[in-house]
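Trainee: Could we go through this chain together, one question at a time?
Mentor: Gladly, have a look at it and ask away.

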Amino acid sequence: MASGFAPADWRALVRLPAEIMIAAISVPETGHRRTVPEGLAGLDAIAAGRSSDSDLVRAVVAAIFAEPEEERALEQSAPAEQAGQRGALLDDCRRAVEILRAHADPADGAAYRHWVQQVAVRVCAASRSGGVLGFGGEQLSGAERSFLDELGAVLS
């Protein structure tokens, strides 16, 4: 699948799901620290792309999981601070949308955009805010809703 994309464009599409996961984990929460459940939810959402009907999504997931562990760790540790900056992430999302519109089948492009948005949704939904013993709290905080709305607008 990478053959239809310039190497830099393909790399941008492969990196974006992890950037979105890190940014979603970094959404500020009052009185709540993001931990393992959110990270696991993000990894699970990325892996869920393996069963996508889209050849593009499946190829991106395969490329993500084919990267050597050392390379993934280096790439994620260096830009993690940048990935947490909403403006930089939204710019990366806009670039991905442009790449998809220029080089991908429209159905594959739509499937990719939906998939990466679901990564953010699943991370944000992995913890509830407020309530007692996990009951009665908000499913999403205002900051999470704002993040997801911005992301959705850029990816549409």
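Trainee: Is Arg58 buried, exposed or partly exposed?
Mentor: A word on the model before the answer: it is predicted, so local features need pLDDT of at least 70 and side-chain atom pairs count only at pLDDT 80 or more, while totals for chains, interfaces and linings use all residues. Residues are numbered from 1 along each chain as its sequence is written, and side-chain values use heavy atoms, with hydrogens and water left out. Buried means under 20% relative accessible area, exposed means over 50%, and partly exposed lies in between (1.4 Å probe, protein chains only). The relative accessibility of Arg58 is 33%, so this residue is partly exposed.

Trainee: Which residue forms a salt bridge with Arg58?
Mentor: A salt bridge here is a side-chain nitrogen of Lys or Arg within 4 Å of a carboxyl oxygen of Asp or Glu. Both partners lie in helix 3 (residues 55–66), three residues apart, about one turn of the helix; helices (H or I, at least four residues) and strands (E, at least two) are DSSP runs, numbered from the N terminus. With its closest N and O atoms 2.3 Å apart, the partner of Arg58 is Asp55.

Trainee: What is the relative accessible area of Asp55?
Mentor: Asp55 falls in the partly exposed class, because its relative accessible area is 44%.
That puts Asp55 in helix 3, with a relative accessible area of 44%.

Trainee: How many residues apart in sequence are the parts that Arg86 and Glu150 tie together?
Mentor: The side chains of Arg86 and Glu150 meet in a salt bridge, at 2.3 Å from N to O. Arg86 lies in helix 6 (residues 86–103) and Glu150 in helix 8 (residues 142–155), so the parts tied together are 64 residues apart.

Trainee: Which residue meets Arg122 in a salt bridge?
Mentor: The distance from N to O in this pair is 2.2 Å. The pair links distant parts of the chain, 78 residues apart, with Arg122 in helix 7 (residues 106–125) and the partner in helix 2 (residues 36–47).

Trainee: How many salt bridges does the count come to?
Mentor: The pairs we discussed include Asp55 with Arg58 and Arg86 with Glu150. By the rule above, the count is five.

Trainee: How many disulfides does a search of the whole structure find?
Mentor: A disulfide is a pair of cysteine sulfur atoms within 2.5 Å. Cys93 is buried at 0%, and Cys124 is buried at 0% too. The number of disulfides found is zero.

Trainee: Which residues make the nonpolar surface patch of about 290 Å²?
Mentor: Patches take residues with over 30% relative accessible area and no salt bridge, joining like charges within 9 Å and nonpolar side chains (Val, Leu, Ile, Met, Phe, Trp, Tyr) within 5 Å. One member sits in helix 2 and counts as exposed at 56%. The patch is made by Val36, Leu40 and Leu43.

Trainee: How many helices and strands are there in the chain?
Mentor: From the N terminus on, the elements run α-α-α-α-α-α-α-α. That gives eight helices and zero strands.

Trainee: What share of the 156 residues in the chain is buried?
Mentor: The buried class has the cut-off of under 20% relative accessible area. Of the 156 residues, the buried share is 44%.

Terms used
Accessible areas come from the Shrake-Rupley method with a 1.4 Å probe; for residues, only the protein chains shown count as cover.
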